[in-house]
Amino acid sequence: MTDFKLTDEQRQYQQLARDFVEKEIAPRAAYHDETGEFAGDILRKAWELGLVGAHIPERYGGLGLSTLDGCLIAEEFGAGCTGIGAALDGNNLAQAPLLVAGTDEQKKEFLEPMTGDFSLAAYCASEPGSELDALKATTTAKRAGDEYVINGAKSWCINAGVARWHCLVAATDPAGGAAGLSVFVIPGDTAGIAVGEGGKRMGQRAADLRAVTFRDVKVPRRCLVGREGDGARILGLAAARAYPLLSCSAVGLGRSAMEHSMRYSKQRVTFGLPIASHQAVAFMVADMDKDICAARLLAWQAAWLSDSGTVSGTQAVIARTFALDMAVRVAVDAVQVFGGYGYSREYPVEKLMRDAKMLQVVHGSGNLHKVALGRQLVGVGR
Ligand SMILES: Cc1cc2nc3c(=O)[nH]c(=O)nc-3n(C[C@H](O)[C@H](O)[C@H](O)COP(=O)(O)OP(=O)(O)OC[C@H]3O[C@@H](n4cnc5c(N)ncnc54)[C@H](O)[C@@H]3O)c2cc1C
């Protein structure tokens, strides 16, 4: 029988994350949104409490938490600030390929140091001129003896300005499409890597978001994760692990928007009644709760599948697309519940709306995932 009861340990972790977020993140979310300053000190404190990279196996010095455990933490960070929490999302995406396909040596070299001192990794997949979801990459990695020489550019990489290492997707066979993609782990200080400015953006402004160029970057063969051409398969396995976490960040954001809406709708009185009593507002809040609960359950199911070894990329994509669309819907409705004040920067929900939209366009847009899912369900190709 399916059991959704959290263990005592999971509850303790959830509480630890919630307390941390309430004390350290929520009070500073508006400041980091306004300034775009990276919240490195907050993230270091979170790491000290075991809330960053807690899924690294005990064998490499980590806590060995499950994907479901990670979902509990991700939801709390999402409820506090997805801009600050984006560092964890980027880190999770970068670490996932190593966790599912890295060798013991690679895990020791790249994951173990992250348990001894605070550091983050960047996920470098998307690039200008070629959408990775079409399973093409213009960034190339050419074999030259015992090395690979990497050339190309990635347009948006979370954490790249502060990363200890980059998880890079590059074409080892540029004519091979999906079969030509490979995954590399590359130390951040390797010669030839240039990290550009992030540029101004609508939401999640506390994220360290950068363009990264690779010019004749030479890495030893041991930086290849899995085999040449194994990239698409590894990314699929990694998504099954990382997407439930991304989904739960969105659940947290939605929860925060709903909680703000509930509080405000009890305080604000129109036509002699708190607006919560007006059916149109009550319906919006009810729909928020319904959709948040559904998104959480889908994410937990995908996490449970990943933890139990039944890797289901499909379930992870369903959870992810539902959660991201939910977060945008709920945040937009929260602005509506606040009326004119919802649009004001003096109130918290406009930030949530801006932050939520980013979730929907990143890491392979939701549209592309739905296209792939639809084709898979119906059984047609591109
Ligand atoms: C804030 C931010 C953070 C990011 N962080 C990272 C990161 O850490 N690492 C990383 O690798 N990337 C990152 N990205 C990049 C992100 O993954 C891409 O922007 C995303 O995959 C969409 O690619 P694109 O911008 O090239 O859009 P395009 O591919 O140009 O798409 C434009 C629009 O057309 C739609 N579309 C395109 N093709 C199809 C199709 N075949 N069928 C239906 N609809 C389609 C898309 O859904 C989208 O709505 C980030 C982006 C942003 C904005």
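Analyst: A residue counts as buried at under 20% relative accessible area, as exposed at over 50%, and as partly exposed in between (1.4 Å probe, protein chains only). The structure is a predicted model, in which local features need pLDDT of at least 70 and side-chain atom pairs count only at pLDDT 80 or more, while totals for chains, interfaces and linings use all residues. Residues are numbered from 1 along each chain as its sequence is written, and side-chain values use heavy atoms, with hydrogens and water left out.

User: Are tyrosine 148 and phenylalanine 184 buried or exposed?

Analyst: Tyrosine 148 belongs to strand β3 (residues 147-158) and phenylalanine 184 to strand β5 (residues 181-187), 36 residues apart. Strands are DSSP runs of E of at least two residues, and helices are runs of H or I of at least four, numbered from the N terminus. Both tyrosine 148 and phenylalanine 184 are buried.

User: What is the arrangement of the rings of phenylalanine 110 and tryptophan 165?

Analyst: The structure holds seven aromatic pairs, that is, rings of Phe, Tyr or Trp (its six-membered ring) with centres within 6.5 Å, called stacked if the planes are under 30 degrees apart, edge-to-face if over 60, and tilted otherwise. The ring centres of phenylalanine 110 and tryptophan 165 are 5.7 Å apart and the planes stand at 75°, so this pair is edge-to-face.

User: How many residues apart in sequence are the parts that this pair ties together?

Analyst: Phenylalanine 110 and tryptophan 165 are each buried. Phenylalanine 110 lies in helix α5 (residues 104-116) and tryptophan 165 in strand β4 (residues 163-171), so the parts tied together are separated in sequence by 55 residues.

User: Which residues does alanine 316 touch beyond four places away in sequence?

Analyst: Alanine 316 is located in helix α8 (residues 313-337). Its relative accessibility is 1%, so alanine 316 counts as buried. With contact meaning heavy atoms within 4.5 Å, and residues up to four places away in sequence not counted, alanine 316 touches Ala239, Ala240, Tyr243, Pro244 and Ala302.

User: What percentage of the contacts with a separation of 6 or more joins residues 24 or more positions apart?

Analyst: The protein chain has 10 helices and 10 strands. Its radius of gyration is 21 Å, close to the 21 Å that the globule rule gives for 382 residues, so the chain is as compact as a globular protein of that length. The radius is taken over C-alpha atoms, and the rule is 2.2 Å times the number of residues to the power 0.38. Among contacts with a separation of 6 or more, the share from residues 24 or more positions apart is 75%.
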